[in-house]
Amino acid sequence: MKSHQSETIVNLFKKAALVPGLSSAWILQSGALPGKSVTVISRWAQRNLERGKMVKFQQYHLFDSATAKATDMLPVDVSNETISRISNSDELRASLRDYPSNGSGNKQYLEIWKHHQLYQNYDLSALDVHGEVYTDEEFSSLEWSPCETKVIYIAERKVPKSEPFYKPKPQDSKENDPEKAPQKGEEYTYRDEWGETLVGKHQPVVVVCDLNSELLTVLDAIPSEYSPGQVIWTPDGKGIVGVGWKNEPRRLGLVYCTNRESVIFHLSLENGEFSILSQSNSQAVRSPRFSPDGQYLVWLQGEAGGPHHAGLKLMCCLWETRKVSTVIDLVKSQIKIVNGKLFNGIYSLKLPHRCWSTDSKRLFFSTPQRFRVISYVVDISNGEITELEWPVDGPTKGSGTILDVSQDMIVMSRSSLRVPAGLVLGNLPPAGQEHTIKWMPITSWVAPSDLQNCEVQYISLLAENSSDSVRNFNALYVGPHGKPDGSVPLIVYPHGGPHSMFTDEYSLNVRLMVTLGYGVLLVNFRGSIGLGEDSVHFLPGRVGDADVKDVHQAKNFALKEFSCLNPKKCVLFGGSHGGFLVTHLSGQYPNDYCAVVARNPVVDIASMTSISDIPDWCYTEAGYLYNPASIASIESLAAMRQCSPIQHIANVKAPTLLMLGKKDLRVPFSQGMAFYHTLHANGVITKVHVYDDVHGLGTVPVEMDNIINSMLWFGEHTG
């Protein structure tokens, strides 16, 4: 029976894996003119099950403005191209490629393409000017200078070679030259790095590639106390602007954490002068962007420390005077914007690479809001915000994320829980009429057959404790439509973070769950983003209590609201802080849930303080301040243990499957193993899968094994 079930799930997964995910798009400026055809380049990623990896491909779309129809060119595999950038004139393209080397690791090449030919090619590994080029979402850059003769990027600083104190060498070895000799006894020296998924990234540097001289130059004028990243050229090409993360007193995990202390800096390439543009102390900044006319520099800015992700301000620097002002401030709960729409603040991780109107007066951004990702335009002079509306009838509208803006044309990714991502194009209306924008599809997906008959509902909830300062939270329900009463099992699925959120966007996991006949409840408990700052800051000091109660309340509401659900077949699924919540729920409400799957769950906050790459998270969520110069007090450790799932482990009855990553630096797998051994000793049915993967468990073979085994586990214990 299990063999038949697994075969069914594998076939469903293979079908769902055929759907690619949209990662970026770029409007070629030469075609982005009124009345002409528009050329859009899109990039996608798709699971290749046979190769066991994600493959990337690029596609050209020719959009005819007269007929409002697009012609798609055949996709081209660009899997070994890690980052690329087209110049402003569309004449040049810089591309970084990774190729396997004969030894260990990869060789990196910087390619410059011009007029349909490979114009220059730099073997970065052979040139040995710096270490590996950064291609991650936090630090990486690849930017053309305004004159299009130079490119800047971020790479690891080259460190001197080291060797043991005694190492026999050939008599004529060049290493006998004292100036070139490796440093002795330094090969085991610890070097601080930037944590989860950024292993090996210790000290980034900015590198300039000069196409005329064909030389690479490392910019050494940035103080060593900063790790630079996200660099861009100044409008005159005589300097750079970027983000500098503070290295001291230690490098805390950076991925998923927008609260790391940092500055917006300017470095003059004429005199080497380094200056800080973000004027406030203890701030966390990201995503600097210049306006087309060079008059404005904007960036996102939040408070350093505290919750790992919270609301961000939109800051603006008048470039000529360096005067900084706030365009969009933090929002405590919600405010009214143009046309009476509600706005809950900015929670996006970055601005679009090109995000300005042609006249430099309006800026575009997308951010999670309540149930969806919504896109907006803001008047830079007065901060007036307008929602870019999407004309969809019905209770749910899906999400839209702006990918590129050029010549007042906007390309956006649109998707929902029922429909995979597709590209749409819009012409920017005059100021004051942005809400009337008309969207035209470039690519489109119909709802997959297995999702056509499912229903999606937005659920607004109010916490039961009337004395709480924040009571609003929400959930999204996805499930089969028209099923008999009590026939549908329910998967209760809280998100991780805890300061993140579920939105109405396409998800392979949710699709598979619904296709297999489950209802899925995606819960945005208090502490989630997209509901205002008060909600984010309500949760620290209340984890393990308020968030647990919210998820359980949402489950009870769903059982009453959707008669097709079976209250005796409720199961729990979650990872990271979502794993924290599902292991809490199985201990606090042992009779309400019949099976649990927890992926890299936090089960004992106290024991994580000295082993996680983000120890500050442990203190913040337990309601304490983090001080890297001191150890945890007995009081704080007791509070951390008290709010942890392991406190309730003796009550657990539900069969529990744990999915753990051996390379997880965020929630080290010793957390899950401690939970497993205790459950096993208590006689609870339990099983653990240990993967050679990081926190997200996102490699293709691991993802496939994870979700298929999860669904088999639920099937076994709800049958």
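Here is a short chat about the aromatic rings in this predicted model.

Colleague: How many aromatic pairs does the count come to?
Modeller: Two rings pair if their centres lie within 6.5 Å. By this rule, the count comes to 20 aromatic pairs.

Colleague: Take phenylalanine 343 and tyrosine 376: is that pair stacked or edge-to-face?
Modeller: The ring centres of phenylalanine 343 and tyrosine 376 are 5.0 Å apart, and their planes sit at 80°. Planes over 60 degrees apart count as edge-to-face. So phenylalanine 343 and tyrosine 376 are edge-to-face.

Colleague: How many residues apart are phenylalanine 343 and tyrosine 376 in the chain?
Modeller: Phenylalanine 343 belongs to strand β25, while tyrosine 376 is in strand β27. The pair joins distant parts of the chain, 33 residues apart.

Colleague: Is tyrosine 376 buried or exposed?
Modeller: Buried means under 20% relative accessible area. Tyrosine 376 has a relative accessible area of 0%, so tyrosine 376 is buried.

Colleague: And what about phenylalanine 371 and tyrosine 458, stacked or edge-to-face?
Modeller: Their centres are 4.6 Å apart, with 5° between the planes. Phenylalanine 371 is in the loop between β26 and β27, and tyrosine 458 is in strand β33, 87 residues away. Both residues are buried. Planes under 30 degrees apart count as stacked, and the pair of phenylalanine 371 and tyrosine 458 is stacked.

Colleague: Which ring does the charged end of lysine 201 sit over?
Modeller: For a charge to sit over a ring, NZ of Lys has to be within 6 Å of the ring centre. The charged end of lysine 201 is 5.0 Å from the centre of its ring, which belongs to tyrosine 134.

How values were computed:
Residues numbered from 1 in each chain as written. Predicted model: local features only at pLDDT ≥ 70, side-chain atom pairs only at ≥ 80, totals over all residues. Heavy atoms only, no water. Phe/Tyr/Trp six-rings, centres within 6.5 Å; stacked < 30°, edge-to-face > 60°. Helix = DSSP H or I, 4+ residues; strand = E, 2+ residues; numbered from the N terminus. Buried < 20%, exposed > 50% of the residue type's maximum accessible area, 1.4 Å probe, protein only. Lys NZ or Arg CZ within 6 Å of the ring centre and 35° of its normal.
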